[in-house]
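Hi everyone, thanks for coming.

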Amino acid sequence: MPRSTTPAVELDVDGRTVRVTSPDRVVFPGRGLTKLDVVTYFQTVGPGILAALRERPTTLERWPKGMFEGARLSTRTDSTGDAFFQKRLPQGAPDYVETARIAFPSGRTADEVRPTELAVVLWAANLGTLTFHPWPVTGADVEAPDQLRIDLDPQPGTDYSDAARVAPHLREVLTELGLEGFPKTSGGRGLHVFVPITPSWGFVEARRATIAIGRELERRLPDQVTTKWWKEERGEKIFVDYNQMARDRTIASAYSIRANARATVSAPLHWEEVPDVGPDDFDVLTMPARFAEVGDLHARLDATSPGERYSLEAALELAARDERDHGLGDLPYPPEHPKMAGEPKRVQPSKDASRHEEHEEKA
């Protein structure tokens, strides 16, 4: 890809100067969006994106070459992609970029970007960051989540509309547990619901509470919802991805841009809007006008917001009843996690010899 010869553009961001290099580099060819368009978008929705990231250790999803046809993201097993996740502070970061030290499941640590002002967001966007992945913790205590994040993930054969039909039932469950959720589109096919919680529990407890909420939703909507970890068992249902609350698992922030041809964004919603909108309604070109009209619907999730935060006690009591009365204990962790106490074995059901032997004995 030829290097741009257009001079850098300097933006004034609350008294900081942020340089946008190669401003005319095309990032989304199908929409005609340049790097400067992307950076300007984040500046336009600045109060919202900063509230979503403020004080949170944040992984940067960087697409330095743009979102061209065939572009792909590097993974743990294949680092040859065109984009990558930046989990450590990039070299050459300006001195106003602050960090928070987080620990991975392996025990290794990293100093991640911790946005404290909008200039940090725009600096990261200049590096090709499209999607920001904040942890559900703040730098004040990286071991204590202050958000519960529930991911309604459509499985093959389902889509956003199926997740939207589940959403009011999730809201009902949350209300019964003394919790208030704030929905947003994922920017893709799914729906996210964030709950502000008091930072009084660790990742294990927050994940356990999410499992209990997912199981209650599954009981009420057995034909629509699943908590099955193994894809071969899920069917055409909405998967409540409880492992998004495991350590080092993150969800795209509100106002993040998703790496797709349309340049959709993750959009905060009113609950009443959930059934009437779709992911394609919100993109880099349409979100600025919506933000100007409705403001930041997720403002109460800001780590510095004085808004109410909720207790997980009722959700954890539900988890305890599930285990005591129904024998429903823990569920499998992601593969990169060490084996956890009480976790069932991580064996794909179709490859579990003991299951096959048990089935043969019963037969």
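Let me start with a term: buried means under 20% relative accessible area, exposed means over 50%, and partly exposed is in between, with a 1.4 Å probe and protein chains only. Please keep in mind that this is a predicted model, where local features need pLDDT of at least 70, side-chain atom pairs count only at pLDDT 80 or more, and totals for chains, interfaces and linings use all residues. Residues are numbered from 1 along each chain as its sequence is written, and side-chain values use heavy atoms, with hydrogens and water left out.

Helices (H or I, at least four residues) and strands (E, at least two) are DSSP runs, numbered from the N terminus. Seven of the eight residues in β10 are buried. Two strands pair if DSSP finds at least two bridges between them. On that basis, β10 runs antiparallel to β12, residues 191–196, with six bridges joining them; Q147 has P196 as its bridge partner there. With β14, residues 238–240, β10 makes three bridges, again antiparallel. Here L152 stands opposite V240, and P154 is partnered with I238. Taken as a whole, the open sheet has five strands in the order β11-β12-β10-β14-β13, with mixed pairing. At its edges are β11 (182–185) and β13 (225–226), each pairing on one side only.

Next, the domains, whose bounds come from an automatic or database domain assignment. Domain 1 covers 9–140 + 251–301, and domain 2 covers 147–249 + 308–325. Their C-alpha centres lie 24 Å apart. Taking contact as heavy atoms within 4.5 Å, 35 residues of domain 1 touch 31 residues of domain 2.

Now the spaces themselves. On a 1 Å grid over the protein atoms alone, a cavity is a set of points where a 1.4 Å probe fits but cannot get out, while a pocket is an open set with protein on both sides within 12 Å along at least five of seven lines; lining residues have an atom within 4 Å of a point. Grid points are joined across faces, edges and corners, and a volume is the space filled by probe spheres set on the points.

The largest pocket holds about 1,500 Å³. It has 44 lining residues, and R76, F85, Q244, R249 and T250 are the closest to its centre. Our strand β10 gives the largest share of that lining, four residues.

What is the volume of the largest cavity? About 120 Å³. Among its 16 lining residues, A52, Q147, F194, A254 and L301 are closest to the centre. Helix α2 (46–53) and β10 each give two or more residues, with α2 giving the most, three.

R290 sits in helix α7, residues 287–294, and is buried because its relative accessible area is 14%. Leaving out residues up to four places away in sequence, R290 touches P268, L269, E273, F282, G295 and L297. From R290 to V45 is 9.6 Å, C-alpha to C-alpha, though they are 245 residues apart in sequence.

That's my tour; I'm happy to take questions.
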